Amino acid sequence: MIRTLVVDDDFRVAAIHAGYVNKVDGFEVVGEVHTAAAAVDAVDRLRPDLMLLDLYLPDEHGLRLLARLRDGHSPVDVIVITAAKDAVSVQDAMRTGALHYLLKPFSFGVLREKLQSYAQMRSRLRGLREADQHHVDRVFGALRAPGQAPGGKGRSVHTLEAVEETLSGSGEDLSAAEVAERTGMSRATAQRYLSHLHEVGRVDIRLRYGSGGRPEHGYRWRGGRGA
């Protein structure tokens, strides 16, 4: 479970956000606090994995609190949840290490999406032993909007990863039909993703001969960084 601390000066808003978090699989709220001082105490005492942080706290601005927590306190990931729309707040939140910046008001679905992307990032980090650029891109890419490949309108991140993992784990050339069979997708879908991976330099194409002696394209994983 991802242990989550909710920090908001409004008791009712904090309760609503805590209710949202508890509805997302894999997350549990371990505390709700309403001041910066209480947040520091809760971080050190409860050691949450994630903090949902409002910026407008009665005793200290949330960004100053975030910067202070980075110095000598228990490590915690942070998603900023605020009504502050000014560019300076957004920039400062990024500089102090916030993973997401979520503007109030928002629906349960919007927060769920951010939490799920955070959970996916944690999962990829846990599976990482030694990183090449591709694996680093996958970790950071998890924080992007789910369901869309970076720079690839209409492409699913999960489908793309399934094709990548099938190719990288095979150690040999695979045709579009073979990729489709191993991933459970249609041949046309596999072909579309393989073509994209070739365009961005992650796979090589070789001419080979399939069943019946007919020529076909074989795709071999090269790795590297795509777009």
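I began with arginine 47, which sits in the loop between helix 2 (36-46) and strand 3 (50-53); helices (H or I, at least four residues) and strands (E, at least two) are DSSP runs, numbered from the N terminus. The model is predicted, so local features need pLDDT of at least 70 and side-chain atom pairs count only at pLDDT 80 or more, while totals for chains, interfaces and linings use all residues. I note that residues are numbered from 1 along each chain as its sequence is written, and that side-chain values use heavy atoms, with hydrogens and water left out.

**Arginine 47**

I looked up the backbone and found a positive phi of about 50° at arginine 47, although this residue is not a glycine. Most residues other than glycine have a negative phi, and most peptide bonds are trans. Arginine 47 counts as exposed because its relative accessibility is 54% (buried is under 20% relative accessible area, exposed over 50%, partly exposed in between, with a 1.4 Å probe and protein chains only).

**Proline 105**

I then went to the loop between strand 5 (100-103) and helix 5 (108-126), where proline 105 lies. The peptide bond joining lysine 104 and proline 105 is cis, with omega about -10°.

**Serine 175**

My last stop was serine 175, in the loop between helix 7 (157-170) and helix 8 (176-183). Is serine 175 buried or exposed? Serine 175 counts as buried because its relative accessibility is 4%. Leaving out residues up to four places away in sequence, I list Arg208, Glu216, His217 and Tyr219 as touching serine 175 (contact means heavy atoms within 4.5 Å).
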